[in-house]
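Student: Could you walk me through this one while I have it open on the screen?
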Amino acid sequence: MEPGYDSSISMKPRRFLLFVLAVAVSFGLASAGAEETVNLVDLDPNEGVRESGKELMALSLDLHRLEPIELNAQRLLIGVHGYASEGYEWVYPLQTMDDDSTTTYFFRWDYSKCPQESATILKGKIEKLLEKHPQFSEVSVVGHSLGGVLVSTLIDDWPVRKPTEMHAIAAPLAGMGSMLERCGEILPDRIPVTVRFYQWRTQHKLDGAFKNLEEDPQVVKIEGSLAVTLPDTYRDRRLGHNWAVSWVAERIAHARKPSE
């Protein structure tokens, strides 16, 4: 020990520093667990699709990036799940719509609340994301079922000035149950010139979520939107509520390919 070295003084800040580092590491590990990500390429669209779906739905309530942002990625793609989703219906569609020019995200939200609340949250996150990554020149938001209702509520006061596609798949835009009483008006007043809004409707009596309802809750008139009725079968199977996401994803991906 060097002359004049007072260990009773120097050890206090050293112990304090070690304590701070320990707390920081502990907090960091806890945060890392809470913020664990899902990689789009690792999801299994085949035999393991149910487990992959569980991974998506185990994500925290937030907007989650599913892959690295490439410098040449010009399109921001966001999938929005529906009520009580198990996530599996999104695995193949997200992988199908993704390409080298796209960065794909998944929005986990609290479907027990009115969709307007989560739509406001998502809108703010999209704004911040575009500010941070100005290379994104277009936006595509795809919502299924109640997630499609959420997407429709994004349209009013849409702040993004870049070309935007919004897709509502098998969405009860006319409202179901007590939705209109609890949540009020859910349809946009008008569609901005920067937005193209697509309504993808399953056939009423083939959709397990709607077939027992007297009126088809998908059918609403929104000036400026494009409504498409899906066929009755897909891959030799009944085209129902969840299967609709895959059918639409293939159409979206095909539309982006340059004509040969």
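Student: Which residue in strand 3 does Gly 79 stand opposite?
Tutor: Gly 79 stands opposite Phe 106 in strand 3, and, keeping in mind that this is a predicted model, the two strands concerned, strand 2 and strand 3, pair in the parallel sense over six bridges.

Student: And what do strand 2, helix 3 and strand 3 make?
Tutor: Together with helix 3, which covers residues 91-97, strand 2 and strand 3 make a β-α-β unit that is right-handed.

Student: What about strand 4, how many bridges join it to strand 2?
Tutor: Six bridges join strand 4, residues 138-144, to strand 2, and the two run parallel; within that pairing, Leu 76 has Val 139 of strand 4 opposite it.

Student: Which residues of strand 2 point one way, and which the other?
Tutor: Arg 75, Leu 77 and Gly 79 point one way, whereas Leu 76, Ile 78 and Val 80 point the other way. In a regular strand, side chains alternate between the two faces of the sheet.

Student: Why is strand 2 said to be largely enclosed?
Tutor: Because six of the six residues in strand 2, which spans 75-80, are buried, the strand is largely enclosed by the rest of the structure. Arg 75 is among those buried residues, as is Gly 79.

Student: Switching topic, how many disulfides does the count come to?
Tutor: The count comes to one disulfide, and it joins Cys 114 to Cys 183 with an S to S distance of 2.1 Å. The link is left-handed, with -85 degrees about the S-S bond.

Student: Are they buried or exposed?
Tutor: Cys 114 and Cys 183 are both buried, and across the protein buried residues make up 44% of the 260 residues.

Student: What are the helix and strand counts for the protein?
Tutor: The protein has seven helices and nine strands, and of its contacts with a separation of 6 or more, 79% come from residues 24 or more positions apart.

Student: Last one, where does pLDDT stay under 50?
Tutor: Over residues 1-36 pLDDT stays under 50, and for that stretch the model has four contacts beyond four places in sequence. Where pLDDT is low, the predicted coordinates should not be read in detail. For the protein, the average pLDDT is 86, with 85% of the residues scoring at least 70.

How values were computed. Residues numbered from 1 in each chain as written. Predicted model: local features only at pLDDT ≥ 70, side-chain atom pairs only at ≥ 80, totals over all residues. Heavy atoms only, no water. pLDDT = per-residue confidence, 0-100. Contact = heavy atoms within 4.5 Å. Disulfide = S-S within 2.5 Å. Buried < 20%, exposed > 50% of the residue type's maximum accessible area, 1.4 Å probe, protein only. Helix = DSSP H or I, 4+ residues; strand = E, 2+ residues; numbered from the N terminus. Pairing = 2+ DSSP bridges. Right-handed = clockwise from strand over helix to strand, strands pointing away.
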